[in-house]
Amino acid sequence: MTTAVVTPDAVGTDAATTPVVAVTPAAGGPTVVRRPALLHSAVALMTSTVASAGLGFVFWVVAARWFPPEAVGRASAAVSAMALLAGLAQLNLINLYARFLPGAGQHTRRLILTGYAASAVMSLLLGGGFLALGLGSGIIGPAPAQRLVFVAAVVASAIFFISDGVLTALRKAGSVPVKNVIASSAKLALLPLLAGTAAGDGMLIAWAAPMLVTMLGVNWWILRRLAPAHARTAPAAPAPARRELLGFASAEYVNGLLTNAVAFLPPVMVAGVLGVTASAYFYIPWTIGVAGSTLLWNVVTSFVVTAASDPAAARAHVNRAFGLVAAVVLAGALVLGGAAEPLLRVLGGEYAAEGTGTLRLVGLSLPFTGVILLYCAFAMMEKRMWPVVTVQSVGIAAFLAVSWYGLPRVGIIAPAAALCMTQAAVAIALLPGLVRRYRATGDRAAPPDWATRTARPETVTTDTRSAG
């Protein structure tokens with residue numbers, strides 16, 4: 001599971017749409033200035049992912065130098081469990097907000113708060129259930145305070161994740177890297193201060209506490225400043241039909257369950273099957289690979305937000321999205337494939353010896369992940385997520401089965417090999433549909449439904465209201 005200086009807001013514009021690329025006169029109206037909002041938003045989100053992943057890597061490098069592998073493995077398994085539960089509890093609202101929040105108008109604040117409340121309740125249920133069933137007995141201490149910290153971390157993490165989607169949908173993607181860099185830097189700063197506590201607890205608290213504080217501060221800004229400003233200035237749009245919203249949300253939630261299982265369940269499986277020491281060697285290369293997938297998802301999220309706001313320029317947005325995905329896939333595969341061993345050697349010789357194969361295989365899976373996520377972007381725009389969910393369900397069930405079967409036989413490389421094989425199979429199944437949808441965006445005779453709606457062009461005005 002999924003982080004830079006923010007460009008200040010220009011007068012009457014949003015930071016996510018600052019660079020000007022073309023000026024065209026609107027018939028009978030003011031001059032229309034179109035800007036590459038998708039590019040700016042995607043770059044901001046990718047900056048956020050790279051920065052937070054880099055700082056997270058440094059966090060675990062420091063932890064690996066100060067603590068024995070057993071303690072690092074226990075703490076990384078606890079963080080993985082927390083992230084898995086938070087990923088499930090956030091209900092995949094990031095995608096729902098990306099699709100519906102740009103046109104929510106006066107419903108903006110209510111939509112945000114409803115999602116936060118649902119996620120908080122789900123976090124409490126999942127976190128409490130995880131501990132009550134004894135699933136965290138090997139990684140979470142038995143003391144009530146330790147269990148309370150874990151559940152609070154799940155709640156904070158879920159809303160922390162969702163706020164990235166809210167900021168992006170409100171055209172404040174430039175704030176996302178600032179938010180995540182602050183939290184990641186604070187994690188690193190807290191680690192030496194908490195080193196005197198029990199090893200696993202100290203690392204978990206250092207990881208979770210900054211997210212809680214940052215989440216509270218950012219959401220104060222969102223609810224007090226950004227949401228009211230968006231409600232005043234966003235194009236008027238009717239609230240989505242309840243059936244449409246629930247159908248999209250339910251499909252997205254199931255899709256979120258599946259993708260979060262792939263991202264965060266394997267480290268927990270490794271700890272359960274092979275022990276916490278093996279989990280330490282597996283967790284860091286797997287997390288680096290998840291960051292690569294998150295970079296691709298940053299592009300997809302930016303595409304959905306931009307295309308939902310400006311469907312008239314569908315083909316231009318699609319071309320930018322495809323180009324960015326290709327660039328990330330190529331760079332990620334080359335870096336993870338070619339630099340895996342020296343990158344992991346920074347943590348120590350054992351980490352490099354045990355984890356290099358895992359990191360290389362994860363890098364090889366990125367092209368297939370890119371195809372899948374581009375298909376998901378079209379499905380989100382069409383509001384037809386269930387076919388994607390069906391195909392993903394089969395692929396992910398195969399991934400988990402192969403991983404579980406392979407772990408005791410071939411070791412920690414099993415989940416990475418399973419990921420590469422199953423992502424390839426799903427990508428091949430979805431590729432023909434992706435090609436058809438790409439061609440349709442350039443078909444003037446029969447363009448996709450979402451690309452035929454009239455969008456209000458963005459104009460430069462002298463409005464001096466600021467969202468803060």
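1. G174 is buried, its relative accessible area being 11%, where buried stands for under 20% relative accessible area, exposed for over 50% and partly exposed for what lies in between, with a 1.4 Å probe and protein chains only. A44 is 130 residues away from G174 along the chain, yet the two C-alpha atoms are separated by 5.2 Å.

2. On the basis of the work: this is a predicted model, in which local features need pLDDT of at least 70 and side-chain atom pairs count only at pLDDT 80 or more, while totals for chains, interfaces and linings use all residues. Residues are numbered from 1 along each chain as its sequence is written, and side-chain values use heavy atoms, with hydrogens and water left out.

3. As to the overall composition, the protein has 14 helices and two strands, and 53% of its 468 residues count as buried. Its accessible surface comes to about 19200 Å², with 68% of that belonging to carbon and sulfur atoms; the areas come from the Shrake-Rupley method with a 1.4 Å probe, and for residues only the protein chains shown count as cover.

4. Helix α2 (residues 69-89) is mostly covered, since 18 of its 21 residues are buried. From its first C-alpha to its last it reaches 30 Å, close to the 30 Å expected at 1.5 Å a residue, the expected span being 1.5 Å times one less than the number of residues. A89, which has its place in α2, counts as buried at 0% relative accessibility. Leaving aside residues up to four places away in sequence, A89 touches S119, M122, S123, L126 and A158, contact meaning heavy atoms within 4.5 Å. M122 is 33 residues from A89 in sequence and 5.1 Å from it in space, C-alpha to C-alpha. Just after α2, L91 takes a positive phi of about 60°.

5. How are α3 and α5 oriented to each other? Helix α3 (residues 93-100) and helix α5 (residues 144-169) pack at an angle of about 10° with their axes 8 Å apart, and they are therefore roughly parallel. The contact is made by L93, I94, Y97 and A98 of α3 together with F161, I162, G165, V166 and A169 of α5; these residues divide into eight nonpolar, one polar and no charged.

6. Helix α10 (residues 314-338) has 25 residues and reaches 36 Å between its first and last C-alpha, close to the 36 Å expected. Its buried residues include H317, A321, L324, V328 and G332. For helix α13 (residues 386-410), also of 25 residues, the span should be 36 Å and the end C-alpha atoms are 35 Å apart, which agrees. Among the buried residues of α13 are Q392, F399 and S403, and just after this helix G411 takes a positive phi of about 90°.

7. The last point concerns R437, which lies in helix α14 (residues 414-441). Residues up to four places away in sequence not being counted, R437 touches Y375, F378 and E382. F378 and R437 are 59 residues apart in sequence, with their C-alpha atoms 7.2 Å apart in space.

Notes: Helix = DSSP H or I, 4+ residues; strand = E, 2+ residues; numbered from the N terminus. Axes fitted to C-alpha atoms, helices over the stretch in contact; angles between N-to-C directions. Parallel < 35°, antiparallel > 145°, perpendicular 65-115°, else oblique. Nonpolar A, V, L, I, M, F, W, Y, C, P; charged D, E, K, R; others polar.
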